[in-house]
Amino acid sequence: MNLIYTLASIKDYSTIKDLTKKMAEYFRYLLSLKDDFVYLEDELQCIARYAQVQKIRYQDNFQLKITCNVDADMEKIPPLLIQTFVENSIKHNIMLVHDLEINLLIEESEDLLHITVKDNGLGFPGEILDRLSRDEDIEEDGSHIGIVNVKNRLQVLYPRHAEVVIQNESKGCRVDISIPRFRKDENAEL
């Protein structure tokens with residue numbers, strides 16, 4: 001809202017129109033979430049809208065590349081599963097890393113969806129990574145609550161069948177998520 005106010009004060013009405021349209025689409029999706037699963041295609045559109053809003057906010061200081069090698073209109077995943085990690089990449093790096101790059105890759109094997117979110121940011125502090133690897137709570141004063149929520153939801157939805165691996169690389173962070181495939185044409189409940 002502060003960004004819209006600032007844009008209004010400099011009379012940048014074109015950007016205000018673009019920003020409010022993207023925000024409305026993004027919030028409409030968030031407010032419509034009622035089920036434990038959404039189509040991957042809808043989740044990817046949500047991520048794209050979120051990134052578009054952030055690009056306006058941060059003046060294109062990052063790039064998001066999405067590569068989806070699965071039939072996104074057939075696969076179902078928990079809502080905000082991927083968006084949480086894309087948001088973390090932006091939130092914790094955008095002011096500290098020039099030309100932040102975030103790569104999202106989605107692939108499939110016979111029974112699993114493999115989702116990778118990778119960035120060229122600063123990575124996680126070692127202590128946080130250690131606690132995550134031991135499945136300890138890392139939430140501190142509201143920070144990292146998204147990661148904790150994702151891990152908890154995956155344990156409820158896919159008991160012992162989902163995996164989240166978070167690791168630092170030589171430059172940046174990599175999050176690998178593996179979940180059982182749940183397709184549109186499957187009537188079975190997970």
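I began at strand 7, where Pro180 is the bridge partner of Leu112. I took strands as DSSP runs of E with at least two residues, and helices as runs of H or I with at least four, both numbered from the N terminus. The model is a predicted one, so I kept local features to pLDDT of at least 70 and side-chain atom pairs to pLDDT 80 or more, while totals for chains, interfaces and linings use all residues. Residues are numbered from 1 along each chain as its sequence is written, and side-chain values use heavy atoms, with hydrogens and water left out.

**Strand 7 and its partners**

I traced strand 5 (residues 112-119) against strand 7 and found an antiparallel pairing over seven bridges; two strands pair if DSSP finds at least two bridges between them. I then followed strand 6, which is joined to strand 7 by six bridges and also runs antiparallel to it. Here Val165 has Asp176 of strand 7 as its bridge partner. In the hairpin of these two strands, four residues lie between them, and Gly172 takes a positive phi near 105°. I checked the cover of strand 7 (residues 173-180) and noted that seven of its eight residues are buried, where buried means under 20% relative accessible area, exposed over 50% and partly exposed in between, with a 1.4 Å probe and protein chains only.

**Aromatic rings**

I counted two aromatic pairs. Rings of Phe, Tyr and Trp (its six-membered ring) pair if their centres lie within 6.5 Å; planes under 30 degrees apart are stacked, over 60 edge-to-face, and the rest tilted. Phe37 and Tyr158 make an edge-to-face pair, with 6.1 Å from centre to centre and 70° between the planes. Phe37 lies in the loop between helix 2 (13-32) and strand 1 (38-39), and Tyr158 in the loop between helix 6 (145-157) and strand 6 (163-168), so the pair ties together parts 121 residues apart in sequence. I read a relative accessible area of 13% for Phe37, which is buried, and of 2% for Tyr158, also buried. Ring pairs link Phe37, Tyr158 and Phe182 into a cluster.

**Charges over rings**

I found the charged end of Lys55 over the ring of Phe62, 5.1 Å from its centre. The criterion is NZ of Lys or CZ of Arg within 6 Å of the ring centre and within 35 degrees of the ring normal. Lys76 lies over the face of Tyr39, at 4.9 Å from the ring centre.
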